[in-house]
Amino acid sequence: MFLNGHSYYSLRYGTLSIEKLVETAKVNDVHTLALTDINNSAGILDFVKECTLNGIKPVAGIEFRSNDQLLYIGIARNNEGFRELNEFLTAHNLQKIPLPREAPEFENATVIYPFTDQAFTRRKKRFQDMTDVVGIRPSEIRRLTTHPDREFLLRNSVILAPVTFQTEAEYFLHKNLRAIDHNILISHLKPEQIAGQDEMMIPEGDLKMIFKDYPQLILNTEKFLDDCHISFDRSSTKNKKTFTGTPYDDKELLEKLAFDGLDYRYGKKNKQAVARVRHELEIIDKMGFSSYFLIAWDIVRYSMSRGFYHVGRGSGANSIVAYCLKITDVDPIELDLYFERFINPKRTSPPDFDIDYSWKERDEVLDYIFKRHGHQHTALLGAMSTFKSNSIYRELGKVHGLPKLEMDQFLRHPEEKTYENDNIINKIRTIGAMMVDFPNLRSIHAGGILISDKPITCYTALDLPPKGFPTTQWDMYVAEDIGFEKLDILSQRGIGHIKEAAEIILGNRKVKVDVHQVQLFKKDETVKELLRSGDTIGCFYVESPAMRQLLKKLHCDNYLSLVAASSIIRPGVARSGMMREYIYRFHHPHGFSYIHPVMEEQLKETYGVMVYQEDVLKICHHFAGLDLSDADVLRRAMSGKFRSKKEFQRIVDKFFENCRNSGYPEEVTKEVWRQIESFAGYSFSKAHSASYAVESYQSLYLKSHFPLEFMVAVINNFGGFYSSWVYFNEARNWGAALHEPCVNRGNYKTSITGKDIFVGFIHVANLERDTGKMIQEERMTNGLYLDLGDFITRTQISLEQLIILIRTGAFRFTGKSKSQLLWEAHVLTGGKPDSTETGTLFVTPVKNYELPQLEQNRIEDVYDEIEFLGFAVKYSFFDLLETSFRGECLAKEMLNYTGTKMRMLGHLVTIKYARTIKHEWMNFGTFLDVTGQIFDTVHFPYSLKTYPFRGDGIYLLMGKITEEFGYPIMTVEKMAKMPVVKDPRQ
């Protein structure tokens with residue numbers, strides 16, 4: 001009887017989760033329930049599932065609104081009607097046109113219009129034909145008594161009892177959500193902006209009693225609901241069924257491609273590889289995944305034909321077929337990766353390929369996929385952004401009129417007693433607790449894409465976010481539950497700098513590098529030395545301070561060690577203390593005891609430490625006796641990829657029960673569980689780590705053999721761990737001659753000629769993008785600029801932009817000082833801020849002016865560089881210090897002073913924040929010494945409270961040099977930011 005239910009997917013409006021809505025219906029003895037969320041169908045699939053589990057008949061619909069105005073409610077009579085409603089909403093979302101005041105006539109859906117005289121008169125013919133109906137609310141019954149078309153209305157109306165909340169507290173929550181949505185004070189809400197206070201579910205019998213004088217309405221509603229049916233098959237795969245047109249042809253094509261690739265990867269005589277390919281093909285065909293592999297292969301084939309680089313990673317790298325198809329570059333035989341981690345009849349989650357592209361090329365790949373498989377059958381996967389932690393309180397603080405400073409103070413010190421009797425704060429706390437994890441905004445999954453056999457609108461309406469591709473309104477959990485295997489087409493800047501490095505090397509050195517020869521890179525001695533030394537700044541995934549330290553502590557110089565390092569660096573492993581334990585056991589393989597024989601049996605390769613996701617599965621299965629499907633649910637739940645808390649708790653209980661039944665000592669069980677908890681949420685699959693390691697090797701090879709070109713590529717892709725100036729410093733360390741931007745030798749992006757690197761105009765603060773590009777384009781078209789006057793004539797640049805270029809040193813080819821050039825710039829432009837003249841047909845000679853002798857000093861240049869480029873190019877930031885002291889030891893000398901208290905001088909690079917067991921803040925610092933070499937520091941709470949960081953700059957650090965597994969670090973006791981000489985320009 002309830003045709004207008006709202007869940008919290010009616011964003012910033014509804015207050016009931018799908019589970020709570022259905023539970024409420026069950027309590028109120030409601031037998032049929034419709035979900036009609038506002039302008040979306042995101043909750044329908046979960047709703048149908050939940051209703052079925054609770055013995056309630058589900059009905060699917062959408063409530064269509066324009067801002068706060070209810071236009072109409074669409075109710076699907078069957079699955080086809082659900083598709084029609086989705087397509088109607090999708091068309092308006094994709095075309096970005098407002099919803100019409102009148103809905104189209106659907107073949108399999110009925111439209112319920114609100115009971116207004118104007119709407120009734122305008123649509124009377126449609127009501128006569130029973131195409132649509134009028135919805136009459138309990139509060140509108142009195143109007144029926146005197147309505148001139150009373151009998152007509154009774155024949156063509158249904159009961160409309162909206163449900164938006166269920167308690168007074170939820171009604172207040174609803175009002176808060178509406179105020180947040182409108183960004184106004186809660187006291188400023190207007191009646192039309194909120195739901196009626198009676199929009200609560202009551203027992204079905206009570207609702208019928210309200211309409212007892214109008215049995216025709218009750219009969220109409222019941223008959224209408226009887227005609228509605230919706231169901232979804234959750235057992236079958238929803239992906240595109242075939243690539244070629246038939247499953248048999250898919251099987252044949254995949255087999256041919258796999259064996260063609262086998263020759264390329266292994267040659268013709270590798271019996272182990274042949275046997276494994278045959279084994280995988282059999283499983284792939286049996287489980288109906290041939291088309292999935294072929295679709296991924298087709299995407300890779302297209303991208304390679306365009307010269308795009310890609311990295312296939314994730315559990316898909318467990319497959320030798322994927323390796324032969326060039327979807328991945330990870331050899332599963334070399335790493336002993338088992339295929340069943342990717343496709344397994346007992347695995348609860350469907351497989352997915354993760355394919356990374358350069359951030360510059362990903363959209364072109366997506367465009368190909370949409371055009372290849374059709375917009376009706378292709379969509380990006382949506383995601384749901386939820387209300388969380390401090391953001392909830394900030395939003396509620398605004399709608400209750402609290403100043404930002406007051407909310408900041410509360411969030412910093414919520415435990416203060418002054419808040420105990422603060423009515424507004426207590427209201428906010430109560431409402432905030434109810435809002436946690438409520439959906440807030442629909443967004444986009446990082447890279448998920450669905451290719452559906454049926455039109456996507458059979459399952460959801462689509463949005464068109466700023467990204468520009470149609471996107472599902474539900475997320476990956478719903479996609480997985482209904483039977484979709486997503487493809488992850490991701491972007492990262494690491495691939496961009498690998499590709500660009502190869503291009504720059506070809507241009508600067510005339511050497512063609514094949515970056516896919518990873519097997520050769522693994523044997524390269526210069527690469528091994530780079531790994532051992534931790535000299536990895538700029539290299540994908542191995543450049544962070546923590547990773548550099550780990551590589552050096554492990555003395556890492558081989559692929560397998562790097563694969564392990566890529567996983568144990570993850571937060572959970574490090575925080576649990578097992579990363580340090582792994583390093584110790586790596587160096588002392590006979591100096592430790594396994595906690596249990598099962599750990600030795602299953603994890604001997606990693607010294608009894610769970611390093612990979614597979615290790616978690618092994619221990620859950622072999623130690624705790626869980627079957628593989630339960631073990632996988634446990635792993636996924638801990639990583640936030642499984643939503644059923646009840647199912648999770650069932651498996652946890654089973655874990656401990658099985659361990660008790662096996663007679664394990666309780667302390668052993670607890671320790672194994674502690675390790676599982678810390679690893680499962682963060683660790684990578686072995687294949688994923690291997691994929692990252694492959695990309696790391698590509699970066700390492702390029703850096704070790706072509707360091708300058710490589711660093712330029714890293715700089716131009718803006719995607720590393722550090723700020724750009726750190727990469728410029730690294731280039732200088734490797735022998736580059738750095739130069740400020742130059743209008744005659746520099747480009748929009750940073751460029752290299754020989755060993756000369758010119759900072760690109762893109763790095764110049766406040767220089768307009770079009771100006772930077774135009775300088776390069778004009779020079780390439782009409783030749784070098786002769787002098788300042790020639791430059792002004794040819795570019796028609798504004799005085800403001802010209803001054804910026806002069807102060808960055810971009811006209812030093814003229815041989816004139818900045819002061820002379822600034823004087824000349826004002827004379828030549830007449831001091832006008834903007835140049836309005838058009839270009840001239842003939843070059844007019846520039847008059848020579850006698851200028852007074854103007855001074856320019858080195859300190860001014862350093863300040864100019866820092867102001868406009870963010871770092872010192874020609875000189876060093878150390879040149880600005882008032883003191884000539886440069887520290888008692890340099891980074892390269894730290895090991896010589898282990899155990900000694902020293903003073904060091906360092907330019908701050910980055911800070912990492914962490915909490916201690918006592919929840920106090922501590923920091924890890926990274927600095928450059930005067931020679932440009934990196935060193936690391938640790939700042940414990942006792943030191944940090946007295947000597948905190950005070951922004952960018954150079955610090956004098958005093959502390960003890962300690963060493964762990966050959967890596968030195970300073971434990972800082974005192975720290976002070978060093979004063980610099982005054983800016984002479986001021």
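This is a predicted model: local features need pLDDT of at least 70, side-chain atom pairs count only at pLDDT 80 or more; totals for chains, interfaces and linings use all residues.
Q: At what angle do the two helices pack, and how far apart are their axes?
A: Helix 8, which covers residues 168-182, packs against helix 18, residues 423-435, at an angle of about 90°, and their axes are 10 Å apart. Angles of 65 to 115 degrees count as roughly perpendicular, so helix 8 is roughly perpendicular to helix 18.

Q: Changing topic, where does Lys398 lie, and is Lys398 buried or partly exposed?
A: Lys398 is part of helix 16, residues 389-399, and because its relative accessibility is 47%, Lys398 counts as partly exposed.

Q: What is Lys398 in contact with, leaving aside its neighbours within four places in sequence?
A: With those neighbours left aside, Lys398 is in contact with Asn183 and Leu185. As for Arg143, the C-alpha atoms of Lys398 and Arg143 are 40 Å apart in space, while the two residues are 255 residues apart in sequence.

Q: Which helix holds Glu824, and is Glu824 buried or exposed?
A: Glu824 is found in helix 38, residues 818-829, and with a relative accessibility of 10% it counts as buried. Setting aside its neighbours within four places in sequence, Glu824 is in contact with Leu788, Gly789 and Lys816.

Q: Now the barrel: how many strands does it have, and in what order do they run?
A: The closed barrel has five strands, which run in the order 18-19-20-22-21 with mixed pairing. On average, and with direction ignored, neighbouring strands of this sheet are turned by 50° against each other.

Q: How many bridges join strand 19 to strand 20?
A: Strand 19, residues 921-928, and strand 20, residues 934-939, run antiparallel and are joined by six bridges. If you want to find a bridge in the structure, Thr926 has Asp936 in strand 20 as its bridge partner.

Q: Which helix packs on that sheet?
A: Helix 23, residues 545-554, packs on the sheet and touches strand 18, strand 19, strand 20, strand 21 and strand 22, and the direction of helix 23 makes about 145° with that of strand 22.

Q: What about strand 3, how many of its residues are buried?
A: Strand 3, residues 57-66, is mostly covered, as eight of its ten residues are buried. Strand 3 pairs with strand 2, residues 32-38, in the parallel sense over seven bridges, and Ala34 has Val59 in strand 3 as its bridge partner.

Q: Last topic, how many aromatic pairs are there?
A: The count comes to 44 aromatic pairs.

Q: Why is the pair of Phe728 and Phe871 stacked?
A: Planes under 30 degrees apart count as stacked, and the rings of Phe728 and Phe871 have their planes at 20° and their centres 4.9 Å apart, so this pair is stacked. Phe728 lies in helix 34 and Phe871 in the loop between helix 39 and strand 18, so the pair ties together parts that are 143 residues apart in sequence. Both Phe728 and Phe871 are buried.

Q: Which residues do ring pairs link into a cluster?
A: Ring pairs link Phe64, Tyr72, Phe88, Phe106 and Tyr113 into a cluster.

Methods
Residues are numbered from 1 along each chain as its sequence is written. Side-chain values use heavy atoms; hydrogens and water are left out. Axes are lines fitted to C-alpha atoms, for helices over the stretch in contact, and angles run from 0 to 180 degrees between N-to-C directions. Helices (H or I, at least four residues) and strands (E, at least two) are DSSP runs, numbered from the N terminus. Angles under 35 degrees count as roughly parallel, over 145 as roughly antiparallel, 65 to 115 as roughly perpendicular and the rest as oblique. Buried means under 20% relative accessible area, exposed over 50%, partly exposed in between (1.4 Å probe, protein chains only). Contact means heavy atoms within 4.5 Å. Two strands pair if DSSP finds at least two bridges between them. Rings of Phe, Tyr and Trp (its six-membered ring) pair if their centres lie within 6.5 Å; planes under 30 degrees apart count as stacked, over 60 as edge-to-face and the rest as tilted.
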